[in-house]
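The tour below goes stop by stop.

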Amino acid sequence: MNPPPVDRTDPAAPRPPRRRVHTRTRLLAAAGELFLATGFARTSIEDVCAAAGYTRGAFYSNFRSKEDLLLALFDDQAAERMAELERLATACGALEPRERARRLVEALLRVEPAETGWILLFLEFRLVAARSEALTGQIAEHDRTVARALADVLERALPELVPPGADAGQAAVVVLAAREGLLARTAAGGAAAEELLAAASAVLSGLLGP
């Protein structure tokens, strides 16, 4: 689902020149295509540079590592999901609260065809990160950033998804953890995935909804 992308730069630093922004954008686009096609482990920095038409120097001017590049892609994906959720919350504003909660929870849990590759990529990176203390810290920070962004959406636009006795931050953490597990089990689609999605949506909307 994962909110605004993580700011990996000093906020007081001057804005990067337009050419560098363009280079970063092309590197991200090339990496996204390669990661989705062949996976994280089988894609090298050299592969990304070749696909984008840049040197390793250009890569390291924008990213510290292949892992840093992938986390930047995840940040962008999460930001898009947050924007979609806010738009849906606005569109569902006139609905009865329980129906509004049901639709919003289902939107959070459902896997769209274009998302399947990203879900599998994120799960692959979870397993890689589990074997590295440094990467575990990086992905934990990404998770905290996504949770803070979702909590902000809940507080402003979706207060009905925060159950009594909990705060928006706690609700966001639970929703995101449930979402990731369910997406892993429903990414392949099919009747079993639809049944699981329907059951999870009913339970979560009942727990979180009014």
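In which helix does A198 lie? Select A198: the residue belongs to helix 9, where helices are DSSP runs of H or I with at least four residues, strands are runs of E with at least two, and both are numbered from the N terminus. This is a predicted model, in which local features need pLDDT of at least 70 and side-chain atom pairs count only at pLDDT 80 or more, while totals for chains, interfaces and linings use all residues. Residues are numbered from 1 along each chain as its sequence is written, and side-chain values use heavy atoms, with hydrogens and water left out.

Stay on A198. Its relative accessible area is 47%, so the residue is classed as partly exposed; buried means under 20%, exposed means over 50%, and partly exposed is in between, with a 1.4 Å probe and protein chains only.

Now show the whole chain as a cartoon. The protein chain has nine helices and zero strands, and from the N terminus on the order reads α-α-α-α-α-α-α-α-α. Of its 210 residues, 41% count as buried.

Next, select L182, which is placed in helix 8. L182 has 14% relative accessibility and therefore counts as buried. Leaving out residues up to four places away in sequence, L182 touches L109, L196 and A200, contact being heavy atoms within 4.5 Å. For L182 and L196, the C-alpha to C-alpha distance is 8.0 Å at a sequence separation of 14 residues.

The cores come next. A nonpolar core is a set of buried Ala, Val, Leu, Ile, Met, Phe, Trp, Tyr and Cys residues joined through side-chain atoms within 4.5 Å. Select L85, L109, L150, L154, L158 and L161, which have the most contacts inside the largest nonpolar core, a set of 28 residues. Two or more residues of this core come from each of helix 4 (66-91), helix 5 (97-109), helix 7 (133-157), helix 8 (168-186) and helix 9 (191-208). Helix 7 gives the most, eight residues. Another core of 25 residues lies apart from this one; select A30, F59, L71 and L135 to see some of its members.

Move to helix 6 (residues 116-130) and helix 8, which pack at about 115° with axes 10 Å apart. Axes are lines fitted to C-alpha atoms, for helices over the stretch in contact, and angles run from 0 to 180 degrees between N-to-C directions. The pair is therefore roughly perpendicular; the classes are roughly parallel under 35 degrees, roughly antiparallel over 145, roughly perpendicular from 65 to 115, and oblique for the rest. To see the contact, select I119, F122, L123 and R126 of helix 6 with E180, L183 and A184 of helix 8. By class, this contact has five nonpolar, no polar and two charged residues; Ala, Val, Leu, Ile, Met, Phe, Trp, Tyr, Cys and Pro count as nonpolar, Asp, Glu, Lys and Arg as charged, and the others, Gly among them, as polar.

Last, select helix 4 and helix 6, which pack at an angle of about 140° with axes 12 Å apart. That makes helix 4 oblique to helix 6. Their contact is made by E67, L70, L71, L73, F74 and Q77 of helix 4 and W118, L121, F122 and F125 of helix 6.
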